[in-house]
Amino acid sequence: MLCTVLSSVIRIVCFQGIMSVEKKTAREQCCSKLKMFLVAMCFVYFAKAFQGSYMKSSVTQIERRFDIPSSLIGFIDGSFEIGNLLVIAFVSYFGAKLHRPRLIGAGCLIMAMGSFITVAPHFFQGPYKYETTISHFPASNGTEGILPCLTIGSLTHDHEIPTVEIQAECEKAASSSLWLYVFLGNMLRGIGETPVMPLGLSYLDDFSREENTALYMALIQTVGIMGPMFGFMLGSFCAKLYVDIGAVDLDTITINHKDSRWVGAWWLGFLLTGGVMLLAGIPFWFLPKSLPKQGETETERNSNVLGGEQDCFIPDNNKNSTAPNKPSPVSMAVLAKDFLPSLKKLFSNTVYLIIIITTIIQFNGFIGMITFQPKYMEQIYGLSASRTIFLIGISNLPSVAFGIVTGGFIMKKFRLNVLGASKFCITVSVLAFSLMIVQYFLQCDNSQVPGLTVSYQGAPEVSYKQNALISSCNMGCSCSLRHWDPICASNGLTYASPCLAGCQTSTEVGKEMIFHNCTCIRESPLPYANMSAVLGQCPRKSDCDYMFKSYMAVTVIGAFFSACAATPGYIILLRSINPELKSLALGIHTLLVRTLGGIPPPVYFGALIDMTCLKWGTKQCGGRGACRIYDSGAFRNYFLGVIYGLSAVFFVLWGVLYNRLSHRENKRALKAQLKAPELDGNCVSSGNGNGSSAIIKCYESPEQETSI
């Protein structure tokens, strides 16, 4: 499919080149180096989106594999932005003086290395050992070989505290700190991604016709949108494969991909995305530092010494230069001297500051939501990780892509000015927020687990302490309270382990194991068919499926409305800053949004989600591992509550921004009316003398901000 899209890109640019009115030189044929650069940029945009979305889809698998809390996995996910921020100022400011295609090629190589480093822990660690009370006992096919309810169990061992030496030795053997490789690999991906957009788009803009630049950039963005779809679908596929596939006998595994202890083959996708990124960077090493301008004749080419951004950092304000073809070199001292006044002038623009703060608030909600939405769907609706990732990839992401295109089309169709774009953004944002509120009421009940969410008599449990797991029906079994080994009983309840269900015997092996004579089933007031139970959690109630379908419909429509505001919002930003400060303004905007809007949300969203955990897993060394089951009601309240709070602040800031834009527009209109009678004093008119035609040239002060 990707090959078909890239072929279509080539055909489009070839058709555009053939149908142009101007004659093409030999260097501007269909397969010119500029067109090859365009195809390479399309591929690298796809590759980096493919790689980044796969990382998002693997968050849950990485959390379970390394037995870490959600707050820490949020910090690991934010390391991409940390790496990006380390070099963004250097690359954006000085990269234009260097060989831009090779810098992009180097960035692709670094991103590929980041993916391969992320995979390294899988080969350093031993086989994944999930916590279970079943594997400790021998079993034979078809015989009753496992006795879950022990007269002497591991209850006494639950409270034993290992010495510091034993703990350190155990953690070293278990390689519990290997998540640092994932952190480092993700940070390298952020470093490598930095030169792709600023240098690639500026290179394309410098050497393409002005009327072609928009088409080329639209093609790049269109192909890039496909990356997340493929990334999430790959994540769904890998989540169904066992992490140690090919290294263990899958028949001996007693869990499936729906279990909260299941870890998919997360490492496999990083190998594939790293390989794709490595291939994407190869063409850039063979492209030149500069190209002839599209449609430019030999005479024009010789007269234009300056090559766009490649040779000019700051605008030449000396209009009376005696040697226009020989620009004076710009020293670092001049650059530094010009930087601080430009920065001061930029931050004196209150509209620009409000836009930055508004975008930061918006990004906090967006990043937090997209990072933990798969986990939210798992816990609220009882879905497997692979299914949630797949549904996000095939439904939400296409809706976002369609919304971005729709927003741009409406801007062009109705020729909206800045105030019109502001009204449009506020309208679609209110619609998206209304649908977000509807999501709060589309919920399913907690999974019914005696001792955690309900009592052993079926009543809602108000205490989530571990001693609530002990009841009269399992008092004599001496069960471990630390392990999570859920079974589904015939009464519809999920017990934390066969021992805590009071099961006496078992038959079959592996995933087909059945437990019998479970005394806690008999004591439950709920109706039951027999006193047997099977491995795994019980499915949610039948109405939960209807709730989930409604939730998906609401989120798809909400994602569309949110995305409609993307293009108008960017236009508002561009029209609210001084043209000579545009590059600096966009750089500072990106820097602050990624710092304050990209790094903190996964951390504090994860910390809040950790507070709703009902049962923590146990590491091999006895420490607290990843969460196995959450209080879905509290999860929903915290997750959506933070998003609602950020949205409220977002709308307040939008109101302030619209008021400032409206005030500025009225002020400019009033000034224009007052200056109308004095037009002759500010403009120079030239014509044929009879008044039939005239050319009017108006001069604006360079200190004046752009018209809104």
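This is a predicted model: local features need pLDDT of at least 70, side-chain atom pairs count only at pLDDT 80 or more; totals for chains, interfaces and linings use all residues.
The side chain of R594 meets that of E193 in a salt bridge, with an N to O distance of 3.6 Å. This pair links distant parts of the chain, for E193 belongs to helix α8 (residues 179-193) and R594 to helix α20 (residues 582-598), 401 residues apart. Through shared partners, salt bridges join E193 and R594 with K48 and E81 into one network.

Across the whole structure, twelve salt bridges are found. One of them brings together the side chains of R64 and E378, at 3.1 Å from N to O. Because R64 lies in helix α3 (residues 59-65) and E378 in helix α14 (residues 350-381), this pair ties together parts that are 314 residues apart in sequence. R64 counts as buried at 8% relative accessibility, and E378 is likewise buried, with a relative accessible area of 8%. A salt bridge also forms between the side chains of D545 and K549, where the N to O distance is 3.4 Å. These two residues are four apart in helix α18 (residues 543-564), so about one helical turn separates D545 from K549. D545 is partly exposed, with a relative accessible area of 37%, whereas K549 is exposed, at 53%.

The largest nonpolar core contains 129 residues, of which M41, V44, W266, Y381 and F639 touch the most other members. Helix α2 (residues 33-57) gives the most to this core, contributing 14 residues. Apart from this core lies another of 30 residues, among them C149, C479, A496 and L614. When residues up to four places away in sequence are not counted, F639 touches G368, M369, F372, Q373, Y376, F605 and I609. Helix α2 also holds K56, a lysine that counts as buried at 18% relative accessibility. Leaving aside neighbours within four places in sequence, K56 is in contact with D77, F232, I367, I370 and T371.

Five strands form an open sheet in the order β2-β1-β5-β4-β3, with antiparallel pairing. Strands β2 (494-495) and β3 (505-507) stand at the edges with a single partner strand each, so one side of each is left without a neighbour in the sheet. Strand β1 (residues 487-489) pairs with β2 in the antiparallel sense over two bridges, and the bridge partner of C488 in β2 is T494.

Terms used: Residues are numbered from 1 along each chain as its sequence is written. Side-chain values use heavy atoms; hydrogens and water are left out. A nonpolar core is a set of buried Ala, Val, Leu, Ile, Met, Phe, Trp, Tyr and Cys residues joined through side-chain atoms within 4.5 Å. Buried means under 20% relative accessible area, exposed over 50%, partly exposed in between (1.4 Å probe, protein chains only). Contact means heavy atoms within 4.5 Å. Two strands pair if DSSP finds at least two bridges between them. A salt bridge is a side-chain nitrogen of Lys or Arg within 4 Å of a carboxyl oxygen of Asp or Glu.
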